[in-house]
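Welcome, and thanks for taking a look at this one with us.

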Amino acid sequence: MILRDTFVENTALGIEGYTHGSTKLQKILVGLTSDQVTKGQTGNGGTRNLDYATLQFTQEHDKRGIKYYLRANSNEPMELYQESKPKPQAMMFYYAAYSFSITSYTYQYPDKYRVFIKNGSQEEPLSFCNVRPGRTIEGDADGMKPSPSAMIKADQRDREIFDVLQGIPTSESLYGNVLAKDYLNQFKFQEHVGTCIYEQEVTINYLLSWDPGKEVPDGEDGTKTVPDPQTDTDSKSFPTHIERRYTYWTVEELGVYKVDSAELKNYAFQGEIITIHPKGYTPPTLTFEQKWKVDADKGPGNFTASDVVPVPGGETRPEPTDQKDLANQRAEEKIPQVKVNNDKVVFKGVTQMSDAVSIENTPVPTKLPNGTPISRDVLYSPDHIIPKTKINRYAEGSRGSITYTELDDNHNSDPGDTYPIPNINPVTVHTPVVNYSSTSDDAAHNQKTAPNYSRQAFILDRPFTITMPTSGQHQNYPGYGNRDYAKYYRSKEVYFPFDTYAADRSTFYPKGTWINIPVGQLTTEFFLPVWVDEGDYTVTFRNTAENAPGIQPTQQDANFDLINHVASDTVDVEVIGRLYDFQITDIADYNWELAFRKEEGSAVHTGNTYWTGLQNIDGATRGNSAPFTLPILPGSHPLPGYKNITVKTGYHIKFDLKTKGNMFGKTDGIRLTPSFTFVSRDGQTKTPVDLYYNNDHRSFIKVGSPEDTEERFVILNDRLRNVPEEELIDTARYKYNHYYTFAEMSGINRDVFVLDYINRFTKQKTPVGGFDLLLLPEQIRTFIGPKSNIPNSVDYPRVNAAVQKWYGQYSLPGDPYVVEKGTNIAEYGRTHGGLTRRSPIFLRDGYIILNFNIESIQNGNLKEPHLQYIHAPLMNQWNLEGFKRTVQDSWRNNFTLRDGDIVFYNADKSYKDDFEAQVNR
């Protein structure tokens, strides 16, 4: 019956509880084990072992069971599940308690019966043997229990890198190890107790003697009795009953089973199963011979003993005496003891049941010993690589079985069988990838006025580098942590939201392309095309595990969660242009004409220009040489006889410079802010100065004051500016397509517009500012972008507009007054009786150094200049191009310079001097 309120305890697991309320008893099979029930045995026609009973009951498994956390292995204690600490897996237990009792009655009947006949006689002798079962020697239940256990772990055994409960990657290997008994056994040795019964008549011969005497005459007429001995023979048969008892042993059942193989099943294996065959395993040996034998005498039958028993009598003939004992004795002597022997069983070289012939009783056999655990190396199979096709899975369950096969000499036993292996640890497949990617920060070429330090700087028309390491921090599981994970990568990819080239520019990658990076390559260099728009972008990286079913979902830095097979990273970058290649291309001073023109009065340029230094935009050798570097000072003229020539005030200089980037808009421009320094001719005295000049209406006008209203103009297509026609055509075409609407250009085709632009528009004066400030607008800008090797998918006009050239010119006032900066000349004149050109307040006998601070302006935003040529926080382009901060003039005087110094004007000579000389002549 089911016990409803009975406490149930499982000491092996350390768990306890009460019978589940839904438990219903269905069937009790007494004397059969669960294995026998499974095999369909009924026990009919044989005996049953009352040590066993199989109960079948049903339960409805709902949420009312006792819930425990899933154990990692069988050695860990059981822990009750707490809903406040949820985990993905748990075990539920449902208990049942029951009670039953068994009563059995056993009857044994003899094989033969003795028959008695009333008032009858037994004429024939009788001999027969009865045999009945005696003791039984059987194996215990443990003999057929393999007690298996198994584990699936990461190679190598005892040096496991990974804890498979937490995670192991694909491409790593597992080992399976099964432990169990080295053999199973079941046996039944039966004792046979026999009795042989011999019943026969033994005839005893007698010699009877007596002396009745006889009367004989005594000589006296009388008689006398004299001896008259008499003899006679007689015989008498005595029934005898002799028993010969014996015992012997036979094998009723004998089964020994050797280890055949084991199977372990888990998702992580190739084909989800491995078969392990024993190695270094010696199966037990078994010899069985059915040799039992009973050698019992057939019996002598009725016989006459050889004895003659004298029976003396008196005067009368005696009767034969009772010689039953003698008859029995003679019968005993006639019937030998029974010879018997057992079956023969030799197990593992030890005789468990001897077949030696014995008198009356054979030796009692000994039990077969139960199996002992095999060595852990017997069913050990390493190096099972987890296929790359296995996606990540958490705690995939394991199953296993071990198979035993019967030995050849088994007798009356079941065949071998396969037994389940319980409590095999699960395996978590988690192939790790990390993504701690980065990019270079080209700060050394970042000319931004206000750099964005939260973004990496990518500079147009320059290389940049990405770094995609395969190492980094993953989960802190054994075998994971902070290390290199390249082994597990299928691919590394980078995504740029802008066009880019490979480092050698042999391969073009349109924007939005996922670019494959060799897994073993740490850094990869790319080249940023000049036509990419300036601005903020995000570069995306993704590293895909070799077992990924797809490229989604992803996880930042590493696939910490095993649902993810892709690790991603992003880097915020800023694409930034350039401001560079400032050069002086002409000086209006007549003394400098042949430095720039092939001959006097010619517009043909010599090709001589004065650059910031001897280096180009990126600091490489430009190709120019002395004296064609800034600043222009005595000694800069290339022609003999002109070494001491300087530039006179009032003459303008022509210059140009370049930009790259988004400087092709209508409101983009270049701002140049002049400043002035006076230096003595020997270079020993140097001071910042203010300049004053006179015009037709006022005297002593300070440069930069509200009264300083002089305007400066530039003609782009000036005869002596030498702007290439190709530049003008390219610029005109871009403006035609991008600066005007269809309605605005209605009726004007492009060719007409280009001719008008070159012949009329570019020959108009463009105001650019005054003495204190120059602002070069789009009207004096041309486009000089690349013309060849442009990918088909790229907009050609946009490429051409990506590089701009700006043309300008500047001059000092014609005959300036030079005073130390900040001097109040009005106060000086008031206190010194007025001002004349000869007043000592004015500096003479030296040079006025013109200095430009150069900035680019985007979208007309004068308050926030875009790029700096000199004073950017992170770099100095002026310096990068090789500007030297100390120079020597033709008189070997040394001068210390400031970045941006471009021309030494002679403070004591003016353009007016040239005109006065002509008048005098």
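Is Phe852 buried or exposed? Phe852 has 0% relative accessibility, under the 20% cut-off, so it counts as buried. Please keep in mind that this is a predicted model.

**Aromatic pairs**
- Across the whole structure, a search turns up 48 aromatic pairs.
- Tyr610 and Phe628 make a tilted pair, because their ring centres are 5.2 Å apart and their planes meet at 55°.
- This pair links distant parts of the chain, 18 residues apart: Tyr610 sits in strand S41 (residues 610-611), and Phe628 in the loop between S41 and strand S42 (647-649).
- Both Tyr610 and Phe628 are buried.
- Tyr810 and Phe852 have ring centres 5.5 Å apart and planes at 80°, so this pair is edge-to-face.
- Since Tyr810 belongs to strand S51 and Phe852 to strand S53 (residues 846-857), the pair ties together parts 42 residues apart in sequence.
- Tyr810, at 1% relative accessibility, counts as buried.
- A cluster joined by ring pairs holds Phe458, Phe464, Phe496, Phe498, Tyr509, Phe526 and Tyr537.

**Charges over rings**
- Arg505 lies over the face of Phe527, 3.5 Å from the ring centre.
- Over the face of Trp514 lies Arg542, at 3.7 Å from the ring centre.

**Helix H4**
- With 14 residues (725-738) at 1.5 Å a residue, helix H4 should span 20 Å, which agrees with the 20 Å between its end C-alpha atoms.
- Buried residues of H4 include Glu727, Leu728, Asp730 and Tyr734.
- The buried residues of H4 pack against helix H5 (750-759), strand S50 (781-783), helix H6 (796-801) and strand S51 (803-810).

Methods. Residues numbered from 1 in each chain as written. Predicted model: local features only at pLDDT ≥ 70, side-chain atom pairs only at ≥ 80, totals over all residues. Heavy atoms only, no water. Helix = DSSP H or I, 4+ residues; strand = E, 2+ residues; numbered from the N terminus. Expected span 1.5 Å × (residues − 1). Buried < 20%, exposed > 50% of the residue type's maximum accessible area, 1.4 Å probe, protein only. Contact = heavy atoms within 4.5 Å. Phe/Tyr/Trp six-rings, centres within 6.5 Å; stacked < 30°, edge-to-face > 60°. Lys NZ or Arg CZ within 6 Å of the ring centre and 35° of its normal.
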